[in-house]
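User: I have a structure open and would like to go through it step by step. Could we begin with the terms I will need?

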Amino acid sequence: MKIIVFSESDYNFSAKLSKLCDSHSDDLIFFNNFNSLKKFKNKKNILLIIDFNDYYDRLDFVINSIKDIDNFPCCILVDKMESKIQKKVTDLGFDIIMTKQLFLMNFKTIKSQVLNSNPKA
């Protein structure tokens, strides 16, 4: 699976995710521009990870930019779960919202669910 990450500031999480992807033989790609996703249009087995801390003030732009390219599964990762943030992110149309720690702990399950729910050829 390809994990595409949009994170500019949490190097500790990025290092942990990199180690996890390496142990599961997944590709980890870091982008800072949503137009870079165009080369993955109509591809399968892709999960986008957006760091809430880096994009909290432009989430509507983020989801619109992504969905204009393709219907990628999108996961917003937060440091601490708050109900108002969860509601906002869900209302905008992101598929998954969870803490970074919970994501790392449940990586295998999330990966399985993304792969099973992504029927693109």
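Analyst: A residue is called buried when its relative accessible area is under 20%, and exposed when that value is over 50%. Please keep in mind that this is a predicted model.

User: Okay, which residues of α1 are buried?

Analyst: In α1, the buried residues are Phe-13, Ser-14, Leu-17, Leu-20 and Cys-21. They cover an arc of only 130° around the axis, so they sit on the same side of α1.

User: And which ones are exposed on the other side of α1?

Analyst: Tyr-11, Lys-19, Asp-22 and Ser-23 are exposed there.

User: Why do residues a few places apart end up pointing the same way?

Analyst: An α-helix has 3.6 residues a turn, so residues three or four places apart point the same way.

User: What covers the buried side of α1?

Analyst: The cover for the buried residues of α1 includes the strands β1, β2, β3 and β4, together with the helices α5 and α6.

User: Does the length of α1 make sense, or how would one check that? What span should it have?

Analyst: At 1.5 Å a residue, the 13 residues of α1 should span 18 Å, and the end C-alpha atoms are 18 Å apart, which agrees. After α1 comes Ser-25, which has a positive phi, near 60°.

User: Now α3. Which residues are buried there?

Analyst: Helix α3 runs over residues 59-69, and its buried residues are Leu-59, Val-62, Ile-63, Ser-65, Ile-66 and Ile-69. Seen down the axis, these fall within an arc of 160°, so they line one face of α3. They pack against β3, α2, β4 and α4.

User: What about Met-105, buried or exposed?

Analyst: Met-105, in helix α5, is exposed, with a relative accessible area of 59%.

User: Last one: how many helices and strands are there, and what share of the residues is buried?

Analyst: The protein has six helices and five strands, and their order along the sequence is β-α-β-β-α-α-β-α-β-α-α. Of its 121 residues, 45% count as buried. A compact globule with 121 residues would have a radius of gyration near 14 Å; the protein has 13 Å, which agrees.

Methods. Residues numbered from 1 in each chain as written. Predicted model: local features only at pLDDT ≥ 70, side-chain atom pairs only at ≥ 80, totals over all residues. Heavy atoms only, no water. Buried < 20%, exposed > 50% of the residue type's maximum accessible area, 1.4 Å probe, protein only. Helix = DSSP H or I, 4+ residues; strand = E, 2+ residues; numbered from the N terminus. Arc of directions from axis to C-beta. Contact = heavy atoms within 4.5 Å. Expected span 1.5 Å × (residues − 1). Rg over C-alpha atoms; globule rule 2.2 N^0.38 Å.
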